[in-house]
Amino acid sequence: MSITLIPLGEHVTHILLAEFDIDKGSSLTHQYPFATGTDEHLLAELMLPDGAHLRTEDWTVFFLNQTIPDPDKISIENEENFINNSLDKSQKDNEQEKPLLYALNLVRTRHDKEARRGAVVKAMAICTRHQYLHIYKPVLLLALDKYFQEPSVEILASLYKAVNSMDCNYMPIFNAHEKAILRASENKDMFEEKFIPYENSKKINKKKYHNNNSDEDNNNENNNNDQTNEISTGKEENNNNIYMNNEDFIPVSEEEKEKLEKERLANLKKGTYIDLMPNLNKNKDRHFFETKVVYNGITLPIRVPLTVNPEEVGDFTLIKLITTFSPSSPTPFNHAFHPHLDSSGNQTHPIILLLNALLTQKRIIFLGQGHPSGDVANYVLSACAMGSGSGGVLRGFTERAFPYTNLTNVDDLLKVPGFIAGVTNRIFEDHSSWWDVLCNIDTGKITVSKDISTPSYGTKPDEKIEDGARSPSSSSKTDSWGSKTESWGREKWDTTDNEFMSEVMHAIHHHYGETAIRGKFQEYVQRFVRLTALYEIETFGSTKIGMMPENTDHAGVLGTGLAFHDENSKLREVATNVNRIEGWRQTLSYKYYQLDFQIYLKTRSIKAIDVYHQVAKLKTLKNMPEEEVETLYKAFSTNVMTDEQIIEFLSYLPQNQGGLFPIGLGLFYPLKSVRNYTVELFQRIGEHTTGSKFIQSLNYFQKLSYERLLAQQIEKQQQKELINIIPNIVAEENWITQ
């Protein structure tokens, strides 16, 4: 975790203002503080979407500075440069001349009898590098209202200054493993140790500061008010090395800042200053960072989400996407079979078909005729999150997404491979050559284009796989692949996907939250990626997207990759997915994942074992050999030692999926050594600030067993120490008597 001091202009890069003129049409009036470099006519069209004049208000999202990725530059040969550039994303963005920008746009129509055609239409947009752009909605509402009253560029300037003065100085930045833990936990004080030292010290310093200066405040009230206003601009005073915090206006010296940083590092372990310090910030949800924006004299509380994954943009809802395109009763598709899309033939669930289209980089359009542009934009953002595994597995989706677009941009749109676009004009539906998959949000129907290109390989789920009928990329090393699948080629292959969607729909109907549904799709996409790695190992003998035996120390006994009940179930699942696996292997997101996985291998903290595989075995396998179980728990105990290793280990055990429960099964294992390894591991986890919350959430029986076994170990240790001390005591007494 690092602390980022964000300078002025880092939150928001541009403020845009567009208006509709009866003679000129849509026009861009202002760009503050300077031009974005994007065509002004295109910006105006995006900010004033079709039909904006028919509704009072409309929110939408669009992206700027999108570029068409060059597949040749996404390769393992460029891995080192990619790693160096990806270590500090903020630095990377600063070095780019035109980083990807997310724009939040508000368009309003005000009826005015004196205006031509009786209405005035204006739109204001905030451009930011942050994916959580929805936090700016309240201040954008106020700013556009004020612009209607006083139409001048000064309104944009004041908004720009206000949002960039938002204090995020002490906002913790979580790594991927910490985000995974926090997302899966309903515990509001998870990682609270990263917040409290700063917040408590600020408030205590504030109290001391006001007490020491109460007399001066009474005598010089006007002067102090001026000073407070000056401090609130977020500037640093150079005199006497004093840093002024722009939220609470507390002077903090360099020595105090160093002390706070040392305390933060010390608090990674339990039983330190954090436990003795009074908590002055009770009932805060640590999934968010609380700050504020002061605009036009109005203080607006802001909650910045801290668990946003790379491909998640805005405040979309995945549940709405699923329910819109999930029919109440199964309806077979009537389009021609496509190997990448129809993983279960014409009985493929519409959401699975959409997911397959996203994974295999098909051109996708969401059509909402007559709908606000914000509606179709949210569907596009939801699709990007779903295809990427809730932003936590794959990437490369938002860079080819167009949350809202129209006919003026169609030429540029068609140049982007595998675009994901939202439109409100029905003309797109009539041009089936423009898209591969069209999702109509009015009818809830997903249509596959009759003009979609079909690969020369692929087998229908209800057809028998003939020997040798494999994908073009098949290797001669596995000529028996076809014969392996031949015996069960006519079985139902849609079981896994159907069970998954039934589980998702059951969760939605029982009011599971958005986070839980996103977690299910993240797990689904992660399994698909690992299945692809297994397919590559079986077909080519190696893979660059999954664990190989040489990546661990215990591969011979413990294994790597996915866990299956038996060999037949493994072969069946691979063959079921072979068509879409081959489709995904030709995409940009596949090449990105190759790079990401190589980075993971170099930066992971637990290098000796494949934690995912071991946890999966404990969850799914019932009859593991004793030797393997003992080796597994010993590997856990000896390889989960440091703070970083504990965090990485816990990230594979999300609390909303049982947490430490599968590991806790070792507390009841017949072998004493396994029980001892489990207690040793739990004791180490319990001494960690975050790990202690996992121990506390153990079920009653596991917690009781752990406490009993731990007490026995402590008692035995004390007895051993006493036995060693007694001879010394006896010898000392004999010496005294002599």
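Predicted model: local features only at pLDDT ≥ 70, side-chain atom pairs only at ≥ 80, totals over all residues.
Residues are numbered from 1 along each chain as its sequence is written, and side-chain values use heavy atoms, with hydrogens and water left out. The protein chain holds 29 helices and 17 strands; these are DSSP runs (H or I for helices, at least four residues; E for strands, at least two), numbered from the N terminus. Of its 738 residues, 52% are buried, where buried means under 20% relative accessible area, exposed over 50% and partly exposed in between (1.4 Å probe, protein chains only). Take contacts, meaning heavy atoms within 4.5 Å: among those between residues at least 6 apart in sequence, 72% join residues at least 24 apart.

**Nonpolar cores**

- A nonpolar core here is a set of buried Ala, Val, Leu, Ile, Met, Phe, Trp, Tyr and Cys residues joined through side-chain atoms within 4.5 Å.
- The largest one has 164 residues, and Phe366, Phe521, Phe649, Leu660 and Ile663 touch the most other members.
- Helix α19 (residues 514-540) gives the most to this core, ten residues in total.
- This core lies between domain 1 (1-69 + 99-167) and domain 2 (627-737), because both give residues to it; the domain bounds come from an automatic or database domain assignment.
- Look up Phe521 and, beyond its neighbours within four places in sequence, you'll find contacts with Leu318, Ile322, Ile351, Leu355, Met386, Gly389, Ser390, Phe500, Met501 and Val504.
- Another core, of 13 residues, lies apart from that one, and its members include Leu367, Phe402, Phe419 and Phe428.

**Helix packing**

- Two packed helices are described by the angle between their axes and the distance between the axes.
- Axes are lines fitted to C-alpha atoms, for helices over the stretch in contact, and angles run from 0 to 180 degrees between N-to-C directions.
- Helix α19 packs on helix α21 (residues 567-584) at an angle of about 95 degrees, with the axes 9 Å apart.
- That makes α19 and α21 roughly perpendicular to each other; the classes are roughly parallel under 35 degrees, roughly antiparallel over 145, roughly perpendicular from 65 to 115, and oblique for the rest.
- On the α19 side the contact includes Tyr524, Arg527 and Phe528, and on the α21 side Lys570, Glu573 and Val574 are among the partners.
- By class, that contact has ten nonpolar, two polar and six charged residues, with Ala, Val, Leu, Ile, Met, Phe, Trp, Tyr, Cys and Pro counted as nonpolar, Asp, Glu, Lys and Arg as charged, and the others, Gly among them, as polar.
- Helices α27 (residues 672-686) and α28 (residues 689-696) have axes that come within 6 Å and cross at roughly 125 degrees, which means α27 is oblique to α28.
- Phe682, Ile685 and Gly686 of α27 meet Gly691, Ser692 and Ile695 of α28, a set that divides into three nonpolar, three polar and no charged residues.

- In helix α13 (residues 350-359), ten of its ten residues are buried, including Pro350, Ile351 and Asn356.
- Gln361 sits in the loop between α13 and β13 (364-367) and has a positive phi of about 60 degrees although it is not a glycine.
- At 17% relative accessibility, Gln361 counts as buried.

- Phe402 lies in strand β14 (residues 401-402) and is buried at 12% relative accessible area.
- Phe402 and Phe62 are 340 residues apart in sequence, yet 6.4 Å apart C-alpha to C-alpha.
- Ser373, in helix α14 (residues 373-387), counts as buried at 2% relative accessibility.
- His431 lies in the loop between α16 (427-430) and β16 (437-440) and is partly exposed, with a relative accessible area of 33%.

- Most residues other than glycine have a negative phi, and most peptide bonds are trans.
- Asn65, in the loop between β4 (57-64) and α2 (79-86), has a positive phi near 65 degrees.
- A cis peptide bond joins Tyr32 and Pro33, with omega about 0 degrees.
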